[in-house]
Amino acid sequence: MSWQYRHTVLSLCMLAFLVTYFARLAISPVVPLIVDDFAVSNTAIGVALSGMWLAYGAAQFPSGVLADRFGERRVILVAVGGTAAMSVVLGLAPVFPAFVLAAVLLGLVAGLHYAVATTLLSRTFDDLGTAIGLHSVGGPLAGLVAPVAAAWVGVRYGWRPAVALAALVGAPVFLLFAWRVRPTEPRRPDQPMRDRFALAPLVELLSRPSVLLPLFIAMTGTYVVQGVMSFLPTFLVEFRGYSPSLAAGVFSAFFVVRAVAQVGLGRLSDSAGRDVAIGAAMLAGAVGTAAFVLGPGLAGVAVAVLLAGSGASFFSAIDPRFMDALGDAERGAGFGLVRTVYTVIGSAGSVGVGLAADLFGWGVSFAILAVLFGVTFAVLVANRALGTGY
C-alpha cells in the first residue's frame with residue numbers, strides 16, 4: 001500500500017496523542033518523590049491527579065466546539081504546544097497548591113487533542129475502529145517510554161526534571177504537525193459558539209439509548225483505568241515490595257500490552273461488533289486487575305499485566321460505538337460532549353484509589369477496581385441477553 005496524505009495525518013495525530021499522554025504519565029513514577037518533597041498524603045496527590053484528569057475530561061466538549069469553529073488543525077497545535085509548556089511549569093511549582101494548579105492546567109490543554117483528532121480521522125477513514133486503534137497507540141507508546149524515563153531521571157536528578165520531560169518530546173512534534181498537516185475547514189464557522197452550549201440539545205443527545213449504555217460502561221471503565229495509571233507503580237512498590245525501577249518496568253510493560261491490544265481491539269470491533277470487543281476487554285480487565293492483588297509472584301504480575309493492559313484498551317472499541325450513534329454534523333461537539341462526561345466522571349479514579357489505599361490498604365483499593373471492571377462486563381452480558389437494543 002502506497003503512503004498517502006491520510007497516513008501522514010494519522011501518524012502525526014498519534015504522535016500528538018503521545019505528547020499529551022507522556023506529560024500526564026511522567027508524574028506517576030515519581031509520585032513517592034513528590035509526596036516526600038511536599039510532605040502530603042496519597043489522598044492529596046490523588047486529588048491533584050484527579051484534578052488533572054478532570055480538567056482533561058472537561059476540555060473534550062469545548063475542544064469539539066472550537067474545532068467546529070476554527071478547524072481541527074489549530075486546536076491540535078494548541079494542545080501539543082500547551083502540553084509541552086505546562087509540563088515545564090509543573091516542574092517549577094514551588095509549593096503543593098501551585099503543583100495542583102499546574103497539573104489542572106496541564107490536563108486542560110492536553111484534553112483539547114483526543115476528541116478533535118478522532119473527528120479529523122472520521123473524515124478520512126472508513127474503518128474508523130482500526131484508525132482510532134492506531135491513533136490510540138500513541139498513549140501506550142508514551143506509557144512505554146515515559147515511566148522508565150521519568151523514573152530514571154527522577155532517581156538521579158529529582159522529580160522536577162522528570163515531569164518536565166514532555167517538553168523535549170512535544171517541541172519537535174508541534175513543529176512536524178504544523179509543517180505537514182494542512183489547515184482543515186471548520187464545520188460550523190459562522191454559528192455563534194453560545195448556541196452550541198444550549199442545554200436541551202445536550203441532554204437529548206446524552207439520553208439516547210444508543211449513547212446511555214456505552215456511556216455508563218465508559219465512565220466506569222475510565223474510573224478503573226485512571227486509578228491503575230495513577231498508582232500502579234506506587235502499588236507495586238508498597239504492596240508488592242518492588243524497587244522503583246522494577247515497578248516502572250512493569251508499568252511500561254502494561255503499556256506495551258495496551259499498545260498491541262488497542263489495534264487488535266479496534267480491528268475486532270470493526271469485524272465482530274463493538275459490544276463483543278468491549279465485553280472481551282472488560283472481562284480481561286476484571287481478571288487482570290484482580291491478579292495484581294492475588295496473583296503469586298512475578299508470574300502473577302505478568303498475567304495481570306497481560307490481561308489488565310488488554311482491558312485498558314477498551315477505548316478503541318467504545319469510541320467508535322459512540323461515533324456510530326452520532327450523525328456526521330454531531331460528531332465534533334457531540335463526541336466531545338460524550339468524552340467530557342465519561343472522562344470527568346472517570347477522573348475520580350485517582351482520588352478514589354488514593355483514598356481507599358489510605359483507609360483500607362492497597363490490596364483493597366485495587367480489588368475494588370477489579371469489581372468495577374466485572375460490573376461493566378455483567379451489564380453488557382445482561383443487555384445482550386435481554387435484547388434491550390441499547
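Student: How many salt bridges does a search of the whole structure find?
Tutor: Start with the rule: a salt bridge is a side-chain nitrogen of Lys or Arg within 4 Å of a carboxyl oxygen of Asp or Glu. This is a predicted model, where local features need pLDDT of at least 70, side-chain atom pairs count only at pLDDT 80 or more, and totals for chains, interfaces and linings use all residues. Residues are numbered from 1 along each chain as its sequence is written, and side-chain values use heavy atoms, with hydrogens and water left out. The search of the whole structure gives 6 salt bridges.

Student: Which parts does the pair Arg160 and Asp37 tie together?
Tutor: Their side chains meet in a salt bridge, 3.7 Å from N to O. The two residues are 123 apart in sequence, so the pair ties together helix 10 (residues 159–163) and helix 2.

Student: How many helices and strands are in the secondary structure?
Tutor: Both are DSSP runs, numbered from the N terminus: helices are H or I with at least four residues, strands are E with at least two. The protein comes to 20 helices and 0 strands.

Student: What separates the centres of domain 1 and domain 2?
Tutor: The bounds come from an automatic or database domain assignment. Domain 1 covers 1–182 and domain 2 covers 195–389. Taken over C-alpha atoms, their centres are separated by 18 Å.

Student: What area do domain 1 and domain 2 bury between them?
Tutor: Buried area is the accessible area (1.4 Å probe) that two parts lose on being put together, summed over both. Here 68% of it is on carbon and sulfur atoms. The total is about 3,900 Å².

Student: Which residues in domain 1 lose the most area to domain 2?
Tutor: Three residues together make up 17% of what that side buries. They are Asn42, Trp53 and Phe61.

Student: How many salt bridges and polar contacts link domain 1 and domain 2?
Tutor: The salt bridge count between them is 0. A polar contact is a pair of N or O atoms within 3.5 Å; within protein, one must be able to donate a hydrogen and the other to accept it, and residues adjacent in sequence count only if both atoms are side-chain atoms. With both residues at pLDDT 80 or more, the residue pairs in polar contact number 8.
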